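Here is a friendly briefing to read alongside a protein model. Have the picture open and look up each residue as you go.

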Amino acid sequence: MTVLTSTVLLSGCGLFSTETQKKIDPPKTVTVKEGTVPVSKETTVKEKEAAKDTVKTELYLIDKDGYVVPQTLALPKTTSVAKQALEYLVADGPVTNMLPNDFRAVLPEDTDISVNINKDNGVATVNFSKEFKNYQPEDEQKILQSVTWTLTQFDNIKSVKLQMNGHDLNEMPVSGTPISENLSRATGINIDTSDVADITNTKPVTVYYIGGVEGSYYYVPVTRRISNTEKDNYAAIVNQLIQGPSEKSTLVSEFMSDVKLLDTPKYENGTLTLNFNKNIYDSFKEKEISQSLLDTLVLSLTEQQGVEKVAVEVDGKVDIKNDKGKKVSEPVTRPEKVNTGSY
């Protein structure tokens, strides 16, 4: 299993939303001199005004290795956020000049979209124009995953129903992938069954690994299969992070193979407490844990229903820091947005 050093990881792009980053490590104000007057790069009037007119939205795009990855982009403010998000998934559409390096949009160019959200049951019905069928067969699953995960980021959308030209789609138009009546995140994303002998006796869990290259790392959700006999999904997810991604994968994990849970994970009122052995430390001397390791842990576990925060202990103690020296004594919440950097 390949492991990245946290110092390299954290020198890359912003991975979480600005709000979350401030909680973990407040950014220093950088000033540049124009004449004799210092001007803060972070607080210029122009930037503040531009931010007021945009809303950060997660778009599930395809990276160079074919993974469907959330990228948070600042889109113009609108009352139709769901429809807009899908329009920014269309190739050669408005997302073109905003795409991160080596990423591409997932929907065929010239696809028109309408979205109708049922407020009672949270089902978003998406109607695509006939251009929707002009995709490559290998993108079929990726399109289903991208549309589903992009839409279900919004609180009022629980599941997705697809139509083309006003007719319900029971299967995808190119390779015939069956479509369940209501698509949800439970369907999975970047599904990896490479190490599964009998899929019928398994259940899915989604964990986050690390993709990209030096200077532009990002978090990638991967749905893996665990045994139906596994009673503790929380421990199983941690074990998947320790085990790391498939050997055929281009993704990596920050967890060393000798990291272990010392106790059964404890869940109470939305908070999950995990007690690890000392091998989780990035630095034994400083008692530091890699922030990117914490991030993948929190992202993975908060995919589980009811988990809102993750508290980390080492040998039963909470006296730990991240690799920038910031104390991590309080439970960590899931970020509002993921992979917020620009490349």
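Phe 132 has 0% relative accessibility, so this residue counts as buried (buried means under 20% relative accessible area, exposed over 50%, and partly exposed in between, with a 1.4 Å probe and protein chains only). Please keep in mind that this is a predicted model, where local features need pLDDT of at least 70 and side-chain atom pairs count only at pLDDT 80 or more, while totals for chains, interfaces and linings use all residues. Residues are numbered from 1 along each chain as its sequence is written, and side-chain values use heavy atoms, with hydrogens and water left out.

**Aromatic rings**
- Rings of Phe, Tyr and Trp (its six-membered ring) pair if their centres lie within 6.5 Å; planes under 30 degrees apart are stacked, over 60 edge-to-face, and the rest tilted.
- The count by this rule is six aromatic pairs.
- Phe 128 and Phe 132 are stacked, because their ring centres are 4.0 Å apart and their planes are at 5 degrees.
- Phe 132 also pairs with Tyr 135 in a tilted arrangement, with 5.8 Å from centre to centre and 55 degrees between the planes.
- Phe 128 is buried, as is Phe 132, and Tyr 135 is buried with a relative accessible area of 7%.

**Salt bridges**
- The structure has nine salt bridges (a side-chain nitrogen of Lys or Arg within 4 Å of a carboxyl oxygen of Asp or Glu).
- Lys 83 bridges to Glu 87, with the closest N and O atoms 2.4 Å apart.
- These two, Lys 83 and Glu 87, are four residues apart in helix H4, so about one helical turn separates them (helices, H or I with at least four residues, and strands, E with at least two, are DSSP runs numbered from the N terminus).
- Arg 104 bridges to Asp 139, with the closest N and O atoms 2.9 Å apart.
- Because Arg 104 lies in the loop between H4 and S5 and Asp 139 in the loop between strand S6 (123–128) and helix H5 (140–151), the pair ties together parts that are 35 residues apart in sequence.
- Arg 104 is partly exposed at 36% relative accessibility, whereas Asp 139 is buried at 6%.
- A network of salt bridges links Arg 185, Glu 303 and Arg 334.

**A covered helix**
- How many residues of helix H7 (residues 291–301) are buried? The count is 11 of its 11 residues, including Gln 291, Asp 295 and Leu 301.
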